[in-house]
Amino acid sequence: MAEKSISYKNLQGVIDFIRGFDIERSKKLANNIRKHKLYLTGMGSSFFFPAKFARDRAIRLGVENPIVALPSSELLRTNYFGVGHIIISSLSGMTRENIYLLELLLSQKFLSITTISYNATTPLIKRTNRHLYLDGKMEKGILKPRGILNIALVLDSLIMQLAINQRRGFDVNKANEDLKLLAEQSANIIDSDKEDEELINLFLNAKQVVVIGPDNGLGDEVCISGVKLLKKPFYYISGTNW
């Protein structure tokens, strides 16, 4: 019962955050990045959905920036980053691979770095001069939906601002209306007493789960959450032609 209560509060926090989100939050950062190459990185849930969804949005809007979305563990193998900007996202601000990557970047005198974490006291934030703090304290419970969505909306708003700066015909008013609609739909789902018992039992009784869909980060996040909650193998296959 306690875990259910925590989960409900976390999900309610998601709705409150969506309702209060300002799309112009990343405007200053977008102005600094201009049309330079953009690296979006992190580890686990702080990376997969936020970074991949932002990359997918950039492609759909026709943003001119080359965008690389790779986990920190992969970028650690990079010897030269060239001219560009790197955003490292971490809910805890203490993930080892993110800290190692930041140390590598600083050793190469690469200073165009933005870090995203919960507050100013995390090791990741302390090491950089440009950061975006997430709203609120670290969530309790197994999953961190508010924090993940927080990062996702920050990166998404950055892509929106880049599209606006590059005159890609992006409609800010429609984006704000879409956020309101998302908040309303999410509230209806969370407050609903209806449960799809057949679908729930399929997940509970399955020995393993395979998720298939576009490479926009959602499938990855479903798998990560599924493993944490159900303690069974989840596999993600990228593709839309199944």
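**Legends to the close-up views**

**View A. Phe49 and Phe53 sit four residues apart, about one turn, within helix H3 (residues 48-61).** Helices (H or I, at least four residues) and strands (E, at least two) are DSSP runs, numbered from the N terminus. The model is a predicted one, in which local features need pLDDT of at least 70 and side-chain atom pairs count only at pLDDT 80 or more, whereas totals for chains, interfaces and linings use all residues. Residues are numbered from 1 along each chain as its sequence is written, and side-chain values use heavy atoms, with hydrogens and water left out. Six aromatic pairs are present in the structure. The pair formed by Phe49 and Phe53 is tilted, with 5.4 Å from centre to centre and 45 degrees between the planes. Rings of Phe, Tyr and Trp (its six-membered ring) pair if their centres lie within 6.5 Å; planes under 30 degrees apart count as stacked, over 60 as edge-to-face and the rest as tilted.

**View B. The surroundings of Phe53 include Arg60, which lies over the face of the ring.** The distance of Arg60 from the ring centre is 5.9 Å; a charge sits over a ring if NZ of Lys or CZ of Arg is within 6 Å of the ring centre and within 35 degrees of the ring normal. Phe53 counts as partly exposed because its relative accessibility is 22%, while Phe49, at 16%, is buried. The classes are buried under 20% relative accessible area, exposed over 50% and partly exposed in between (1.4 Å probe, protein chains only).

**View C. Tyr39, Phe81 and Phe110 make up one aromatic cluster.** Aromatic ring pairs are described by the distance of the centres and the angle of the planes.

**View D. Strand E3 (residues 84-89) is mostly covered, six of its six residues being buried.** Gly84, Ile86 and Ile88 point one way from E3, and His85, Ile87 and Ser89 point the other way. In a regular strand the side chains alternate between the two faces of the sheet. Strand E1 (residues 37-42) pairs with E3 in the parallel sense over six bridges, and Leu40 stands opposite Ile87 in E3. Strands pair if DSSP finds at least two bridges between them.

**View E. E3 and strand E4 (residues 113-117) run parallel and are joined by four bridges.** Ile86 stands opposite Ile113 in E4. From E3 the chain passes through helix H5 (residues 96-107) to E4, a right-handed β-α-β crossover. Right-handed means that, with the strands pointing away from the viewer, the path from the first strand over the helix to the second runs clockwise.

**View F. Lys109 has a positive phi of about 60 degrees although it is not a glycine.** Lys109 belongs to the loop between H5 and E4, and its relative accessibility of 70% makes it exposed. Most residues other than glycine have a negative phi.

**View G. Arg167 likewise has a positive phi, near 55 degrees, in a residue other than glycine.** Arg167 is placed in the loop between helix H7 (145-165) and helix H8 (172-191). With a relative accessible area of 76%, Arg167 is exposed.
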